[in-house]
Amino acid sequence: MPPLRLASLTCSNTDILHALGATRQLVAVDSHSDAPGLDHAARLGPDLNIDVDALIAARPDLVLASLSVPGMERVVEAVQAAGLPTLILDPVSVPDVLRDIRLIGAATGQPDHAGAVADALERDLSALHRPHARPPRVLVEWWPRPIIAATRDSWVTDLLAGLGAVNALAGRAGRSAPLTLDEVRAAQPDLIVCSWCGAKKLRPEVIEARGLGVPVVAIHESGLGRPGPRLLEGARQLRAALDALPHQP
């Protein structure tokens, strides 16, 4: 039986497939996916503006989508209306991410490999934990104007907890929320992370200029905004930033 022809509509799913060694099976991907070895795949446009006709023309056996991108529901509806087989992921926690790696592995015929990738990611994340007398409060900012940050129902909350820190917005429902500067101040972050999604350049100095007197670190959205194997990159950078905070045991 020939390998499945796959399409990925989000970077996170493309990154998972790359980690599973299935990049060559991708016949179509969104325009933001940047895993190595995608030159052969048709580009479908941005994840929220997928060219469904181009997707149909690529003749995928399975389309991988993710509701982790706000507004992706409309795209998924159009893909399903076209009659294409879909696997729709919706992670909100680190355990969800590990589960999704295994789901994609099972769907693409390599459950053992996927299990090994998920287990390794879990081990590597666990190894980054450090105890703190007072867990540092971290605010992860997805966008600057208006300020949008990760809230309770985001994998960021679990990722920070695994490091021994806390999401400064863990008491606020939802995956993300727009904030006023006063609300950022009230969250009392010890660290603000500039991880703007879709920005060509991260500018932590914009956050520093708000005058909150809080350390700011820049981490590319590929390390924090994609629920997949590359969360390890973001976690390692967060670990370094937390270790550099003053007066943190």
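Modeller: Let us begin with a term we shall need, for contact means that heavy atoms lie within 4.5 Å of each other. By that rule Thr-10 touches Asp-30, Ser-33, Asp-47, Ser-66, Val-69 and Met-72, once residues up to four places away in sequence are not counted. Please keep in mind throughout that this is a predicted model.

Biologist: Where is Thr-10 found, and why is Thr-10 called buried?

Modeller: Thr-10 is found in the loop between strand E1, residues 6-8, and helix H1, residues 11-19. The word buried is used for a relative accessible area under 20%, and Thr-10 has a relative accessible area of 1%, so Thr-10 counts as buried.

Biologist: What makes helix H1 largely enclosed?

Modeller: Seven of the nine residues of H1 are buried, and therefore H1 is described as largely enclosed by the rest of the structure. The buried residues are Cys-11, Ser-12, Asn-13, Thr-14, Asp-15, Ile-16 and Leu-17, and what covers them includes E1, E2, E4, E5 and H4. After H1 comes Gly-21, whose phi is positive, near 75°.

Biologist: How do you know that strand E4 is enclosed by the rest of the structure?

Modeller: Strand E4 covers residues 62-66, and five of the five residues are buried, so E4 is largely enclosed by the rest of the structure. In a regular strand the side chains alternate between the two faces of the sheet.

Biologist: Why are E1 and E4 said to pair?

Modeller: Two strands are said to pair if at least two bridges are found between them. E1 and E4 have three bridges and run in the parallel sense, and Leu-6 stands opposite Leu-62 in E4. E4 and strand E5, residues 86-89, meet the rule with four bridges, again in the parallel sense, and here Ser-66 stands opposite Leu-89 in E5. Three bridges also join E1 to strand E2, residues 26-29, and these strands run parallel, with Ala-28 in E2 as the bridge partner of Ala-7.

Biologist: What is the order of the strands in the open sheet, and what makes E3 and E5 its edges?

Modeller: The open sheet has five strands in the order E3-E2-E1-E4-E5, with parallel pairing. Strand E3, residues 42-43, and E5 each have a single partner strand, so one side of each is left without a neighbour in the sheet, and they stand at the edges.

Biologist: Why is the unit made by E4, helix H3 and E5 called right-handed?

Modeller: A crossover is called right-handed if, with the strands pointing away from the viewer, the path from the first strand over the helix to the second runs clockwise. E4, helix H3 (residues 72-81) and E5 make a β-α-β unit of this right-handed kind.

Biologist: Moving to helix H5, how do you know that Ala-114 is buried?

Modeller: Ala-114 is found in helix H5, residues 111-126. Its relative accessibility is 0%, so Ala-114 counts as buried. Leaving aside neighbours within four places in sequence, Ala-114 is in contact with Leu-20, Ile-101, Arg-102 and Gly-105. Ala-114 and Ile-16 are 98 residues apart in sequence, with 9.0 Å between their C-alpha atoms.

Biologist: Which residues of helix H6 are buried, and which elements supply the lining of the second largest pocket?

Modeller: In H6, residues 155-163, the buried residues are Trp-155, Val-156, Thr-157, Leu-159, Leu-160 and Leu-163. Helix H4 (94-107), H5 and H6 each supply at least two residues of the lining of the second largest pocket, and the largest share, four residues, comes from H6. This pocket has a volume of about 180 Å³, and by class its lining has seven nonpolar, two polar and two charged residues.

Biologist: And how many residues line the largest pocket?

Modeller: The largest pocket is lined by 31 residues, and Val-69, Pro-70, Cys-197, Glu-221 and Gly-225 are those nearest its centre. The elements that give two or more residues to this lining are H1 and strand E6, residues 137-144. About 820 Å³ of space lies in the largest pocket, and the lining has 13 nonpolar, ten polar and eight charged residues.

Terms used. Residues are numbered from 1 along each chain as its sequence is written. This is a predicted model: local features need pLDDT of at least 70, side-chain atom pairs count only at pLDDT 80 or more; totals for chains, interfaces and linings use all residues. Side-chain values use heavy atoms; hydrogens and water are left out. Buried means under 20% relative accessible area, exposed over 50%, partly exposed in between (1.4 Å probe, protein chains only). On a 1 Å grid over the protein atoms alone, a cavity is a set of points where a 1.4 Å probe fits but cannot get out, and a pocket is an open set with protein on both sides within 12 Å along at least five of seven lines; lining residues have an atom within 4 Å of a point. Grid points are joined across faces, edges and corners, and a volume is the space filled by probe spheres set on the points. Ala, Val, Leu, Ile, Met, Phe, Trp, Tyr, Cys and Pro count as nonpolar, Asp, Glu, Lys and Arg as charged, and the others, Gly among them, as polar.
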